[in-house]
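This briefing is for a reader who has not seen the structure before.

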Amino acid sequence: SSGINAEYGEAILIRNCTTNCLFFLLRNPLRNSLPSTNTTRGKYAADFVCGACLGGMNSTLIYPVNVVKSYQQKQINAVPESLLTSCKKVLMERDYKLRKLYYGVQLNLTRSILSWGIINATYELCIYMFGRGVS
């Protein structure tokens with residue numbers, strides 16, 4: 001079958017919707033709370049910090065969903081399970097400890113800080129360039 005339940009689609013949908021909403025809801029307030037700067041380097045540094053903070057927060061918050069999604073992806077030739085069923089199995093495998101759902105989060109956090117910092121600074125640069133008509 002090819003519904004949203006069939007191949008870990010629920011996890012991806014929850015992850016993407018949650019993190020996108022949080023990112024775009026918090027991006028401007030966070031950016032506006034950072035110190036203002038008059039230099040181009042300072043502006044892009046602040047854009048990097050803003051993206052890095054939000055990306056790190058989002059990826060850490062939603063990390064358990066990625067753990068469950070990874071569990072679902074490694075089930076070869078198995079009958080597709082709902083997100084809730086997979087979540088219960090992962091929790092059982094990890095002794096029902098939330099802390100154990102976060103194993104590996106440090107590497108994920110590092111990746112997210114770098115990638116989202118770069119993505120956000122690049123996005124702001126593109127907005128500036130295309131907004132001014134720079135070719």
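Helix α5 gives the most to the lining of the largest pocket, with eight residues. The model is predicted, so local features need pLDDT of at least 70 and side-chain atom pairs count only at pLDDT 80 or more, while totals for chains, interfaces and linings use all residues. Residues are numbered from 1 along each chain as its sequence is written, and side-chain values use heavy atoms, with hydrogens and water left out. Helices (H or I, at least four residues) are DSSP runs, numbered from the N terminus.

**The largest pocket**

- A pocket is an open set of points on a 1 Å grid over the protein atoms alone, where a 1.4 Å probe fits, with protein on both sides within 12 Å along at least five of seven lines; lining residues have an atom within 4 Å of a point.
- The volume of the largest pocket is about 340 Å³, counted as the space filled by probe spheres set on the points.
- Its lining has 20 residues, and Asn 16, Thr 19, Asn 20, Asn 58 and Trp 116 lie nearest the centre.
- Two or more lining residues come from each of α1 (9–33), α2 and α5.

- Helix α1 has 25 residues and reaches 36 Å from its first C-alpha to its last, close to the 36 Å expected at 1.5 Å a residue; the expected span is 1.5 Å times one less than the number of residues.
- A kink of about 40 degrees lies at Arg 27 in α1, shortly before the proline Pro 29; the bend at a residue is the angle between axes fitted to the seven residues ending there and the seven starting there.
- Buried residues of α1 are Gly 9, Ala 11, Thr 19, Phe 23, Arg 27 and Arg 31; buried means under 20% relative accessible area, exposed over 50%, and partly exposed in between (1.4 Å probe, protein chains only).
- Helix α2 spans only 43 Å between its end C-alpha atoms, whereas a straight helix of 34 residues would span 50 Å.
- In α2 a kink of about 55 degrees lies at Tyr 63, shortly before the proline Pro 64.

**Aromatic pairs**

- The structure holds three aromatic pairs; rings of Phe, Tyr and Trp (its six-membered ring) pair if their centres lie within 6.5 Å, and planes under 30 degrees apart count as stacked, over 60 as edge-to-face and the rest as tilted.
- One of them joins Phe 23 and Phe 24 edge-to-face, at 5.2 Å centre to centre and 85 degrees between the planes.
- Phe 23 counts as buried because its relative accessibility is 6%, whereas Phe 24, at 54%, counts as exposed.
- The rings of Tyr 63 and Tyr 102 are stacked because their planes are at 25 degrees, with centres 6.1 Å apart.
- Tyr 63 lies in α2 (residues 40–73) and Tyr 102 in the loop between α4 (98–101) and α5 (105–132), so the pair ties together parts 39 residues apart in sequence.
- Tyr 63 is buried at 11%, while Tyr 102 is partly exposed at 24%.
- Phe 23, Phe 24 and Trp 116 form one aromatic cluster.

**Polar contacts**

- A polar contact is a pair of N or O atoms within 3.5 Å; within protein, one must be able to donate a hydrogen and the other to accept it, and residues adjacent in sequence count only if both atoms are side-chain atoms.
- Thr 85 lies in helix α3 (residues 83–93), and its side chain makes a polar contact with the side chain of Ser 82 (3.0 Å).
- Asp 95, in the loop between α3 and α4, makes a side-chain polar contact with the side chain of Lys 100 (2.6 Å).
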